[in-house]
Amino acid sequence: EALYALWEDPAIQAQANDPDVKLPLVLMDSASYWYKNISRVLTQDYQPSIKDIIKSRTKTTGIQEILFEIDGYKFKLTDVGGQRSERKKWITCFQNLTAILFVVALSEYDQTLNEDVNTNRMLESIKLFRGVVGNDALFHVSIILFLNKEDLFSEKIKRSSLKNTFPEYEGPQSDKDAAFEYIKNQFVSLNANPNRTIYTQVTVATDIDNIRQAMDDIKDIVIRHAVSGGKPM
């Protein structure tokens, strides 16, 4: 109760929600959820719920391979860490790819990297994406762009201007649709292969139904790519 009361204190909330305040630590997006459920979590017989599991996060380090099946089709997902220290390992994963799933957090347009407080996360993602789509070794590979955390983005854009990150943005302030289209175009416009479509998915990773639909769409894209003989679509 003491920790929850501290979290709910107006002064703490004002600091945590003010885009101009740079806290000395990075709060997880799910921090509010865990504080509100702290009494339940600390009980002796605590059993995590499905939502608890979804709200949890483990940073990817190294290379993780996940095998799964959807509608009778078998898939292998190779998960690589996005931190700068992890990227040198990516080259070992560039063989025999069907598609690349590139995940961007929409809500991080006004945040900086944990490892470099002078670098904006969104601008770093754009730079990284440019390198992926322009890589000759990946020229034939289909690209699926996950624009994630749409729910957090919709709330944040009301109080944190996109122009702070993109001064050239001329769309209406606090308009999530205009801001979203602008961000999406920053990525899609980097496509170096005129014969390849960059597929975009708006996602909320903590929404089971949303992710289920997104995975169904990915399944269809990957299968069509395989049937086409590996040609980019």
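Which residue forms a salt bridge with lysine 158? It is glutamate 155, and the closest N and O atoms of the two are 3.4 Å apart. A salt bridge here means a side-chain nitrogen of Lys or Arg within 4 Å of a carboxyl oxygen of Asp or Glu.

Hi everyone! A word on the model: it is predicted, so local features need pLDDT of at least 70 and side-chain atom pairs count only at pLDDT 80 or more, while totals for chains, interfaces and linings use all residues. Residues are numbered from 1 along each chain as its sequence is written, and side-chain values use heavy atoms, with hydrogens and water left out.

Now, please find aspartate 71. It sits in the loop between β1 (63-70) and β2 (73-80); strands (E, at least two residues) and helices (H or I, at least four) are DSSP runs, numbered from the N terminus. β1 and β2 run antiparallel, joined by 8 bridges, and DSSP must find at least two bridges for strands to pair. In this hairpin, with 2 residues between the strands, aspartate 71 has a positive phi near 55 degrees. Most residues other than glycine have a negative phi.

What does aspartate 71 pair with? Lysine 219 forms a salt bridge with it, at 2.6 Å between the closest N and O atoms. Lysine 219 lies in helix α9 (residues 208-227), so the pair ties together parts that are 148 residues apart in sequence.

Buried or exposed? Aspartate 71 is exposed at 59% relative accessible area, whereas lysine 219 is buried at 12%. Buried means under 20%, exposed over 50%, and partly exposed in between (1.4 Å probe, protein chains only).
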